[in-house]
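This briefing is intended for a reader who is meeting the structure for the first time. Please view the sequence and the structure together while reading the points below.

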Amino acid sequence: MTTPTHDDVMAIEHEIMALKAKRDGMRRSIVPEPVEDYRLTLPGGAQATLSELFGDRDEMILIHNMGRGCSYCTLWADGINGLVDHLQDRAALLLTSPDPADEMHAFASGRGWRFPLASVEGTTLAHDLGFYKADDEEYPGYWPGASALAKTEAGIVRTGWTFFGPGDDFCAIWPLLAMLPEREWQPKYDYTSAGGSGGACGDGCGCS
């Protein structure tokens, strides 16, 4: 087998871009699926329906975060935090996790996250949308990812969804690390102290 060249790598890059364009076209052709108008808990204890959290927008990017116990989910949220203004110019944005609302808020405040938060604790949202897999043999529990929602006259529908995982398109660090000889690395909560260790999620998922 010949050693690959940079031209070979670029050829693969073009194939990947073409496949992504095909994937996005297929995703837009899928019939939207109805989504329940869940009642979620906000920081401070107030509750709001999912439809209310759209605000004055008709579309929403819903982030399924596994909570403060997952350093990978924290890494994704840190990256999304830098995109808040851009994303909210296009659609409503909401990050959810199974953590209690006030604990979620305290953790988010400590990291300087600027996006709206809501706890799915006590609801079936994560399960119904495919981000809680109690019976998965390899990774039981909550899974990270995102759903695209739209608010219509008939109710809320989901127009697309995806899981998050190391090497995905949702965190800029992965393609940069992929250019290094090895990518043996796990995100940490803090890179300046011994208390910053991170790694696999406590709940078990595809992040590790």
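This is a predicted model: local features need pLDDT of at least 70, side-chain atom pairs count only at pLDDT 80 or more; totals for chains, interfaces and linings use all residues.

Residues are numbered from 1 along each chain as its sequence is written, and side-chain values use heavy atoms, with hydrogens and water left out.

**Overall form**

- The protein chain has six helices and 10 strands; helices (H or I, at least four residues) and strands (E, at least two) are DSSP runs, numbered from the N terminus.
- Along the principal axes, the C-alpha atoms of the protein chain fill a box of roughly 60 × 50 × 40 Å.
- Of the 208 residues in the protein chain, 36% are buried. Buried means under 20% relative accessible area, exposed means over 50%, and partly exposed lies in between (1.4 Å probe, protein chains only).

**Salt bridges**

- The whole structure contains nine salt bridges, a salt bridge being a side-chain nitrogen of Lys or Arg within 4 Å of a carboxyl oxygen of Asp or Glu.
- One of them joins Lys-20 to Asp-169, with the closest N and O atoms 3.0 Å apart. Lys-20 lies in helix α1 (residues 6-29) and Asp-169 in the loop between β10 (155-163) and α6 (173-177), so the pair ties together parts that are 149 residues apart in sequence. Lys-20 is partly exposed, at 24% relative accessibility.
- Asp-85 and Arg-114 also meet through their side chains in a salt bridge, at 3.2 Å from N to O. This pair links distant parts of the chain, since Asp-85 belongs to helix α3 and Arg-114 to the loop between α4 (101-111) and β6 (117-119), 29 residues apart. Asp-85 is exposed, with a relative accessible area of 51%, whereas Arg-114 is partly exposed at 44%.
- Salt bridges that share partners join Arg-23, Asp-24 and Arg-27 into one network.
- Within helix α1, Arg-27 and Asp-24 are three residues apart, about one turn of the helix. The closest N and O atoms of their salt bridge are 3.8 Å apart. Both residues are partly exposed: Arg-27 has a relative accessibility of 28%, and Asp-24 has 24%.

**Surface charge**

- A patch of negative charge on the surface brings together Glu-36, Asp-37, Glu-52 and Asp-128. Patches are made of residues with over 30% relative accessible area and no salt bridge, with like charges joined within 9 Å and nonpolar side chains (Val, Leu, Ile, Met, Phe, Trp, Tyr) within 5 Å.

**Selected single residues**

- Ala-91 occupies the loop between α3 (84-90) and β5 (92-97), where Ala-91 is buried with a relative accessible area of 6%. From C-alpha to C-alpha, Ala-91 and Pro-140 are 31 Å apart in space and 49 residues apart in sequence.
- Ala-46 occupies the loop between β2 (39-41) and β3 (47-49), and Ala-46 is partly exposed at 43% relative accessibility. Ala-46 and Ala-118 are 72 residues apart in sequence, and their C-alpha atoms are 9.9 Å apart in space.
- Phe-163 has its place in strand β10 and is partly exposed, at 27% relative accessibility. Between Phe-163 and Asn-65 there are 10 Å in space, C-alpha to C-alpha, and the two are 98 residues apart in sequence.

Definitions and conventions. Accessible areas come from the Shrake-Rupley method with a 1.4 Å probe; for residues, only the protein chains shown count as cover. Lys and Arg count as positive and Asp and Glu as negative; His and the chain ends are not counted. The place of a charge is taken as NZ of Lys, CZ of Arg, CG of Asp or CD of Glu.
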